[in-house]
Structures are given as structure tokens and as C-alpha cells.
Amino acid sequence: MSAPRAGTDPGHLGAEVTGEPETRAMRKRADRVRLIEHTAARLFAEYGYEATNFEAIGAALDMRGSSLYYYFPSKEELFLRCMEHAAAEVFPRLRVIAEAEGTPLHRLRRMFREEAVITLREYPEFIPLFLKVQVPIEALEQRRDELRREQTSIFRAVVDELVTTPQAIPADRLHVTLNLALGGLSLIGEWFKPGSDLGVEDFADQVSHTLIRMFVADPD
């Protein structure tokens, strides 16, 4: 049996038959797609790309695996959409901070804090897709590299402003330091303990303050 054509959501077709408002059907579909993406991302992170299939994702959602074809034409497309969705949600938030008023050091600290909150509380299941999950498909690897470079460029635009900041470290160390800071941020989900006395907000404050000190020159 061939897989259903992507985009032919039964709920969407039912909305047209019963006269249900289009916007309501679209919201229901969008909510279902987001739930599938979050569930798939979690399973990809836990079991790896090759060991995760539509049947496993469907089972976690209490759906038939074949039902996922109404939303995604392939596992490759689902993995791609998981990454694209996370980037589309996160990058604009970082850009707003990067382009806000304030000194470069202040904005950079706020960006580190935002990234920490996003990693720990809002999109924890998506972060491993950019870091740990091995994907044996060149096109997905290339897109993942593009997205990682795009994220780094948002931070780098602010870091480049530090060249004119007297208290900042020398210019030739800025980009290396940024890479170290982003590398550390990407791993905080591995050792932060949910439910500890230190909540996500306080932890993000500590992380951002610690990282920003790496960009401040030691006094003579």
C-alpha cells in the first residue's frame, strides 16, 4: 500500500466537508505537527536517527506509524523539519537581543542567558539533533552545518562589536572564546539537574554571568 500523500490531513478534509472554519482546522493541524516534531526529536535524540522510525514515533503518540505520512513524506523530511522548526523559533529571539540597545557585553550576556533557558526549558529535545545525533544523509548534515553557522553568526555579530570595547579581551581571542562559550552552552543540558534548588532562571543567570567573564580582560 502506498503512503498517503503529504498534506492530505483527514482532519483538514473533514473541516471542508462539515463547514468547520479553515483557521480552526489549520490550528489543529499545526498543533499536531508540533507534537509530532517534539516527540520525534526526543526519540531521535534517545535512540539515534537510524533506530527511530515512523512506527516508533507513532507508538509514542498513540497513532499508527503510517498516519505520520499525512504530515511528513519521509523520516528525512521529519528530521529536517525538527531542526528547521527549532531554528525558526530560536534565531529570531536571539536576533532581537543582538539588535537591542545596550553595550555589546550586556547584549551578549542576555543572549547567553536566553540560549540557556531555551536549551533547558523550551527545546531540550531539539538540541541533541544539532550536536549528537549521527545522520547518514549528506543533505541533512549540510543543512545542520548551515544552521549551526547561522546561529554562531548571530552571536559573532555582537562579539565583533567588542573590538572597540576597552574592557574586552584582545580581538584575536574573541572568536575562539565565542566558540568555547557556545560549546559549553550546548552541553548544559547534560549536567543541569531539573528539580534542584537552583531553578532554570537562576541557573541561566549563573551560566551567562560566568560565560561573559571570559570576554572581559583581566585588570592590570
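Over the protein, the mean pLDDT is 87, and 89% of residues reach 70 or more.

This is a predicted model, so local features need pLDDT of at least 70 and side-chain atom pairs count only at 80 or more, while totals for chains, interfaces and linings use all residues. Numbering starts from 1 along each chain as its sequence is written, and side-chain values use heavy atoms, with hydrogens and water left out.

**Helices H4 and H5**

- H4 covers residues 75-98 and H5 covers residues 104-122; they pack at an angle of about 160°, with axes 9 Å apart.
- That angle makes H4 roughly antiparallel to H5 (over 145 degrees, on a scale from 0 to 180 between N-to-C directions).
- On H4's side, the contact is made by Val90, Arg93, Leu94, Ile97 and Ala98.
- H5 brings Arg107, Arg110, Met111, Glu114, Glu115, Ile118 and Glu122.
- Sorted by type, the residues of this contact are 6 nonpolar, no polar and 6 charged.

**Glu37**

- You'll find Glu37 in helix H2, residues 22-47.
- Glu37 is buried, with a relative accessible area of 1% (buried means under 20%, with a 1.4 Å probe and protein chains only).
- Setting aside neighbours within four places in sequence, Glu37 is in contact with Phe72, Leu78, Arg81, Cys82, His85 and Phe126.

Key
Helices (H or I, at least four residues) and strands (E, at least two) are DSSP runs, numbered from the N terminus. Angles under 35 degrees count as roughly parallel, over 145 as roughly antiparallel, 65 to 115 as roughly perpendicular and the rest as oblique. Contact means heavy atoms within 4.5 Å. Ala, Val, Leu, Ile, Met, Phe, Trp, Tyr, Cys and Pro count as nonpolar, Asp, Glu, Lys and Arg as charged, and the others, Gly among them, as polar. Buried means under 20% relative accessible area, exposed over 50%, partly exposed in between (1.4 Å probe, protein chains only). pLDDT is the predictor's confidence in each residue, from 0 to 100.
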